[in-house]
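This report describes selected features of a protein complex, from chain contacts to single residues. The sequence and the structure are shown first.

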Amino acid sequence: MRYAYYPGCSLKGTGKAYEESLLSVFRTLGVELHEIEDWNCCGATSYSSVHNSAAFALAARNLALAEPLRMDLVAPCAACYLVLEKTKRYIRNHPHLDERVRRGLQAAGLRYEGNVRVRHPLDVLVNDVGLDAVRAKVKRPLDGLAVAPYYGCQVVRPYSTFDHQTYPVLMDRLLEAAGAKVVRYPLKTKCCGGSLTGTQPDVGVRLAWFLIREAKKRGADVIATLCPLCHFNLDSYQDKIARTCEKVSVPTVYFTQLLGLAFGHSEKSLGLHRNIVSAHAALASRSLATAG
Amino acid sequence: MEHRADEPRIGVYVCHCGSNIAGKVRVAAVAEAAALLPGVVVSRDSKYMCSDPGQEMIQQDIREHALNRIVVASCSPLLHEETFRKATERGGLNPYFFQMVNLREHDSWVHEDADAATEKAVDLVRAAVRRVRFHRALEKTEVPVHPDVLVVGGGIAGIHAALTLADAGKRVYLVEREPTIGGHMARFDKTFPTLDCAACILTPKMSSVKAHPNITLWTYSDVTSVSGYVGNFKVVVRRRPRYVREDLCVGCLECIDACVYKEGRVPDEFNAGLGKRKPIYIPFPQATPQVVVVDPASCIRVKTGKCKSTCVEACDRDAIVFDQKEEIREIEVGAIVVATGFETFDAARIPQYGLGVYDDVYTSLQVERMVNSSGPTLGEVRLKNGSTPRSIGIIHCVGSRDQKTNRWCSRVCCMYSLKLAHLLKEHTGAQVYNFYIDIRAAGKGYEEFFDRLREEGVNFIRGRVAEITDWTMTPEEEGRLVIRVEDTLAGFVRRIPVDMVVLAVGLEPAHDAQEVRRVLNIGCSNEGFFMERHPKLAPVETFTEGIFLAGCCQGPKDIPDTVAQAGAAAAAALALVDAGRVELEPNTACVVDEACSGCKTCVALCPYTAISHDRERGKAAVNGALCKGCGTCVAACPSGAIRQNLFEDDQIFGEIEGVLVHA
Amino acid sequence: MKPVRQTIKYEAERDPNFAREIAAIPGCENLPSCFQCGTCSAACLVSTFMDYTPRRVIALTRSGFKDEALRCQTIWLCTSCYACTVECPKEIQITNIMYALKQRAIREKVYPKGFSIPVLAQEFYKLVLKRGRSTESWLVIRLFWRTNILKILGMARLGLNLLRTGRMSFRADSIRQTRELQRLLEAAEAEKGMAK
């Protein structure tokens, strides 16, 4: 299995551990990723707030770069995934926009013919690799580890091509395949606060608090995420939450880190040491911590 | 004046239709252009051609100008073709020397540009003028009408239609799919806005059906095929085995007590799944007929043949017979009333509302049963944990007015939600919240009922609920269901904790409506409800003559409207069968014997089985009474041996040339 | 005491073309079909902090009260989680309408004073235009430089934590073909015919 790979800015910065764990899990499962050359920022939510057609053209450059590889394009970050998928759909359905994007790409010596399929690693793991293949690689089942499956928004909304928009289940199934106990978590697709945690902390941090508090109430040892911004918000603001809302703490990890642990990889190789709220104690309490 | 009889003398009449046509098409210019066409003797425009003066004008012109062909350019032939044919006939011509042009639906209503619309109108009129010269005189045929009537569906609509027809002295077959008649209404507790008990007003009618000497009631039965034509339908009814002889069972119910299952095992359909029933059961105490039924899906005896069959032993009338087979009955009727009803929306399709996820989320139909004193809880409103709810949320428009599920307003949910609000408050004293988008209380006494509910202290919050969740934020929410909604009149979002949620599910076509439609050969609208012939002027007729509609199979409606429509459908059916004879349109196909090669292509293609193959002569023959004039055979015949009245080659080519050739 | 204000609206205060202009933007087509049920507001977690609920922003936009629609905080608090969009019974893509309003507010420079979100959006825009990638540390510094430099002190602890865990660096990432990217963006932004 081979895929084109679009890491996005966060996976090279605050979300480094996501990339580390993703690559390591994919390697174990025999999934090859080919990072596209000289990719640029997808534009996220901010770019669309400033200019419409330029935002689509910006994202389309990545599609144009990926297209010659003739492979599905894996985008692990929720915002990147959504923006690339949205761009693809919008230039297909809106001729006026398509014309502008074409003009932009042409100015950079590029073209995009509409043939890139954008995939999220969750989709790839469940639908291409398959739960059986995942189960087959499990060396240390996550026995007893209670996980709150947190999907966030943009992987499933608004285009969820592979799971339900409000009540997705695929990560639940995947983590169960790794032996985890998935708790019922009604906030699984609620907003983490996005960039409001930084720009409007009185709002953003509160949203993150709701999520963490509910995970705690539901008995979760860890929260599993599949987006670097969700991870950042839930992991990095817990001290602020303690100061402004309530002292409540649940470590947040990437779903790929949990898979990696089940596959027998070390915490370090999965980037777990990069957490601000360490998951080590929670893992140790279920005898899942690794040395180093 | 003397005129050669074969010389066409055409009168053209262009209608303004008020401003419907004249608002876009310059009708005077169209009439002027038509006046110049070959054969046109008179060409006029008029404000309303369908009015008496308009029709009179045609008659007078026929006499004064010796017209022998008439063209009216106005609205759809569906509306007024008959009107103008009659006017033509009154003027002294054969009514088929008439051609209609649809300037309204085909032109003025669908185009923006007046010049282009006018040009198109001229083209269409020219086509009709060129066509009508080839029209021939045709005669209508008359056939006798069978006096019996079939009513399909035994809900309140079917019951009312059947009783009306039977009281008028007609023999009626009432066919019901379920083991009992009564339909949805039998499951309701009270009815809005008068709060009279549904059973009290329905069950006497059910008994009348059973007792009526003119009604043959077949429950647990399906109509499997309908053939024939208006006045002369042949219907096949399949009577499924209920493993109980209707002629012997008296409804003592001892067999149910004797069943090897000591407790109910199967979710009780009649109680919307709230209770459990046994494999041998009677849907509810007043079921009609009072005959038990064996559910083959759960009865051990039926499934495996191995059971002590204690039920059989218990029956001292030997009414339980496990070797009962399905029966096929063939009947002939003159008219059919379709009253196959509706289904409620499956609220699990909106997972945000938590049906099946949270214990105390119910559908409105379940709550009807819950508040009913003969329901599974004997009228007690209790939560799953046994306690009485202190606050209840009723959510309107579940599966209605929603692009993702059903787009239409289901019309009854507002009012039944108000009724349930009243009943729940009465039964529990709880705080009741109604969450609505708009309250639709347009019936007689409905707005007054809404007033009454407000006075009773029911809370009304204008906002569509986004979500029901057990995610709690405050101590008062703990352990309860939280409704998240914008109070759109106050302008902010609210979280309202409740103990019980009622989903006011909408009405949708029955799951097999498409199948029923095909069996009956009637049409349905986009959403799947059966289509009436005209939304205002033929609300119970269908496009298939002799078949009439009643109740929710045609669209959501409440009980008063359903009964009114059932009465109207019965009257329409009565008018047909009572006349004893019916005229058939002559727009049928006929085989030109000399050209027919006897290949039988047409026989298989005819959707109305109107064509047979005469083995002796080796030719096909069309039964004019069965033929609906669809033209399939005409187009399919490889030898061009089939012609169709009103659609002859010269007529069609004349029309095509008229559109294409700018004269 | 809060001064008493007259709240009546006159027709002259409406921009009769506003709704049509917004609805003409790709993804905003269904704006006219809103029936004000409030599902969007109730689905939105942030709506509890907004000055106007999303439903009211739609109503203001549709009725042409452009000033209110563009100056409100709501559009800037929208995190683009698309909950409103997927729940809307009329399939109105409310998130897209929020974007359209944000773009218009930036173009007309009418966003609320002291609100850092529109500033962040523009700093992000500039950074990506210049380098092709975003680097969080740079963005944060630029943001506080433009809004409230003192607030950066409150972020120090988080910054140190990120540095310690190797998740932040002060080296700004960049793509190689920045010149081409700028040409691409200019051409896409330009009205037809102006691009060259």
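A salt bridge is taken here as a side-chain nitrogen of Lys or Arg within 4 Å of a carboxyl oxygen of Asp or Glu. By this rule the side chains of A:R184 and B:D470 form a salt bridge, with N and O 2.5 Å apart. The model is a predicted one, and every value in this report is computed from it.

The size of an interface is often expressed as the accessible area that is lost when its parts come together. For chain A and chain B this area is about 1000 Å², and carbon and sulfur atoms supply 46% of it.

## The contact between chain C and chain A

Between chain C and chain A, about 5700 Å² is buried, with 61% of that area on carbon and sulfur atoms. In chain C, the residues that lose the most area to chain A are C:L45, C:R167 and C:L184, which together account for 13% of what that side buries. The contact involves 60 residues of chain C and 64 residues of chain A.

C:R167 also takes part in a salt bridge with A:D235, in which the closest N and O atoms are 2.8 Å apart. Across the interface of chain C and chain A the rule finds 3 salt bridges. Residue pairs in polar contact between these two chains number 29, both residues being at pLDDT 80 or more. Several helices of chain C give two or more residues to the side that touches chain A, among them α7 (94–107), α9 (136–146) and α12 (178–189). The largest share of that side, 9 residues, is given by α8(C). By class, the side of chain C that touches chain A comprises 32 nonpolar, 15 polar and 13 charged residues.

The two interfaces are set out below.

| Interface | Buried area | Share on carbon and sulfur atoms |
|---|---|---|
| Chain A and chain B | about 1000 Å² | 46% |
| Chain C and chain A | about 5700 Å² | 61% |

## The build of chain C

Chain C contains 12 helices and 0 strands. Its C-alpha atoms fill a box of roughly 55 × 55 × 35 Å along the principal axes. Chain C has 196 residues, of which 56% count as buried. Among contacts in chain C between residues at least 6 apart in sequence, those joining residues at least 24 apart make up 61%.

## A parallel sheet in chain A

In chain A, 4 strands form an open sheet with parallel pairing, in the order β2-β1-β3-β4. Strands β2 (32–35) and β4 (118–119) of chain A are at the edges, and each has a single partner strand, so one side of each is left without a neighbour in the sheet. In general, strands of a sheet pair through backbone hydrogen bonds, in a parallel or an antiparallel manner. Strand β1 (residues 2–5) of chain A is joined to strand β3 (residues 73–74) of chain A by 2 bridges, and the two strands run parallel. One of the residues concerned is A:Y5, whose bridge partner in β3(A) is A:V74.

## Two individual residues

A:C245 lies in the loop between α12 (238–244) and β8 (252–254) of chain A. Its relative accessibility is 27%, so A:C245 counts as partly exposed, a class that lies between the limits of 20% and 50%. Setting aside residues up to four places away in sequence, A:C245 touches A:R206, A:W209 and A:K240. A:W209 is 36 residues from A:C245 along the chain, and their C-alpha atoms are separated by 7.2 Å.

B:N102 is part of strand β4 (residues 98–102) of chain B. With a relative accessible area of 8%, B:N102 is buried, because the limit for this class is under 20%. The side chain of B:N102 reaches the backbone nitrogen of B:R104 at 3.3 Å. Apart from neighbours within four places in sequence, B:N102 is in contact with B:S74, B:C75, B:S76, B:P77 and B:D107.

Notes. Residues are numbered from 1 along each chain as its sequence is written. Chains are lettered from A and ligands numbered from 1 in the order in which they are written. This is a predicted model: local features need pLDDT of at least 70, side-chain atom pairs count only at pLDDT 80 or more; totals for chains, interfaces and linings use all residues. Side-chain values use heavy atoms; hydrogens and water are left out. Two strands pair if DSSP finds at least two bridges between them. Buried area is the accessible area (1.4 Å probe) that two parts lose on being put together, summed over both. Buried means under 20% relative accessible area, exposed over 50%, partly exposed in between (1.4 Å probe, protein chains only). A polar contact is a pair of N or O atoms within 3.5 Å; within protein, one must be able to donate a hydrogen and the other to accept it, and residues adjacent in sequence count only if both atoms are side-chain atoms. Contact means heavy atoms within 4.5 Å. Ala, Val, Leu, Ile, Met, Phe, Trp, Tyr, Cys and Pro count as nonpolar, Asp, Glu, Lys and Arg as charged, and the others, Gly among them, as polar.
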